[in-house]
Amino acid sequence: DMKKKLLIINTGGTMGMKPTERGFRPAQGFLETQMARMPELHDETMPEFVVKEYDPVLDSANFTPLDWQRMAGDIADHYQDFDAFLLLHGTDTMAYTASALPLMLEGVDKPVILTGSQLPLCLRRNDARENLITAMIIATEFPVPEVCVYFGSRLLRGCRTTKTSTSNFDAFDSPNEPPLGLVGTHIQVFARRIRQRPPADRTQKALAVRDIRPAKLATFRLFPGVTPDVLDNVLQTPLQGMVLESYGAGNGPSNDRAFLSTLRSAVERGVTIVNLSQCQHGGVSQNDYATGRALTDVGVISGGDMTVEAAITKMMFLFSQNLSVDQVKRQMAKNLVGELSEPLTTS
């Protein structure tokens, strides 16, 4: 029985942080020192693993799309040599990375799992140990050929995740997609929830990395009494796209003429505006209420039940693919990598 080979990419984050006078901070080589002292990682049932550590290790709050590009490139460079990939990552922007990578890693058919922790491995009480060991086991013993987040006893689809707690050990949720796996005394992975690649894709042997570059994007959250001039300011050139976080099922102030005309003129200038709900569960259906229909009429696209993280990274990704504005709009409303539920019925 050949041992599975796992590449662990340590990008930084809390797991490998070291206590200093100024609080916990990333430290070069510190995580590997900790891991060397864990007999359970060297148990004969554990996979063979190689740790590749970024220099410098980063707090994920400092990540940019260039870091996603680097991670995708590293996975591609080592794709043939390893059976699975584990990215150790800070929790702050993990949901963004987990949303960007499935779009960038075209043809991925091996597990790519992101994990991290709320407390560093060096503390006597931490969640890092469990997240690390279980993620290593899932990556090498379960068929999950997609980008996932494993955290706090749940395996989640990467492009559906959002960070929901700064203090609980289950810090992540995927509000509109049930977990792909649950971990208690047993590890359960629900095969039917794992994304099956369409047969046409399977002929492609190699992994292709598609680029992502920073784009001029903004998010804008509606609230009662929001003034159109503030919205208008945000929408000025050189803005390419905006996520509008609206009320409920995608509603905005339909009787505010200035608000609607501000959105319309931005759309006419070529700004892509995607409507998401401020509610964590459920999504936008712009045609259920007149207040949502008003947004459709001015050219705002429904983002369905995407997370803000998925919508932002997807928009950034699409703007990096040299597509026309119309193509970007069409792709934004389509489910590309499992980030969005197809509408059940269209009337």
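In helix α3 (residues 94–104), Met94, Ala95, Thr97, Ala98, Ser99, Ala100, Leu101, Pro102, Leu103 and Met104 are buried, where buried means under 20% relative accessible area, exposed over 50% and partly exposed in between, with a 1.4 Å probe and protein chains only. That is 10 of the 11 residues of α3. This is a predicted model: local features need pLDDT of at least 70, side-chain atom pairs count only at pLDDT 80 or more, and totals for chains, interfaces and linings use all residues. Residues are numbered from 1 along each chain as its sequence is written, and side-chain values use heavy atoms, with hydrogens and water left out. Helices are DSSP runs (H or I, at least four residues), numbered from the N terminus.

**α3 against α2**
- Helix α2 (residues 65–77) and α3 have axes that come within 10 Å and cross at roughly 50°; axes are lines fitted to C-alpha atoms over the stretch in contact, and angles run from 0 to 180 degrees between N-to-C directions.
- The two helices are therefore oblique to each other (under 35 degrees is roughly parallel, over 145 roughly antiparallel, 65 to 115 roughly perpendicular, the rest oblique).
- Their crossing is right-handed, meaning that the near helix is turned clockwise from the far one by less than a right angle.
- Trp68, Gln69, Met71 and Ala72 of α2 meet Tyr96, Thr97, Ala100, Leu101 and Met104 of α3; contact means heavy atoms within 4.5 Å.
- Seven of these residues are nonpolar, two are polar and none is charged.

**α3 against α9**
- The axes of α3 and α9 lie 8 Å apart, at an angle of about 40°.
- That makes this pair oblique too.
- The crossing of α3 and α9 is right-handed.
- From α3, the contact uses Ala95, Tyr96, Ser99, Ala100, Leu103 and Met104. From α9 come Glu309, Ala310, Ile312, Thr313, Lys314 and Phe317.
- By class, this contact has eight nonpolar, two polar and two charged residues.

**Nonpolar cores**
- The largest nonpolar core has 50 residues; such a core is a set of buried Ala, Val, Leu, Ile, Met, Phe, Trp, Tyr and Cys residues joined through side-chain atoms within 4.5 Å.
- Ile75, Leu101 and Leu105 have the most contacts inside this core.
- Helix α9 (residues 308–319) supplies its largest share, eight residues.
- A second, separate core has 29 residues, including Leu6, Ile8, Leu41 and Met46.
- Beyond its neighbours within four places in sequence, Leu105 is in contact with Ala72, Ile75, Val112, Val147, Leu207, Ala208 and Val209.

Key. Nonpolar A, V, L, I, M, F, W, Y, C, P; charged D, E, K, R; others polar.
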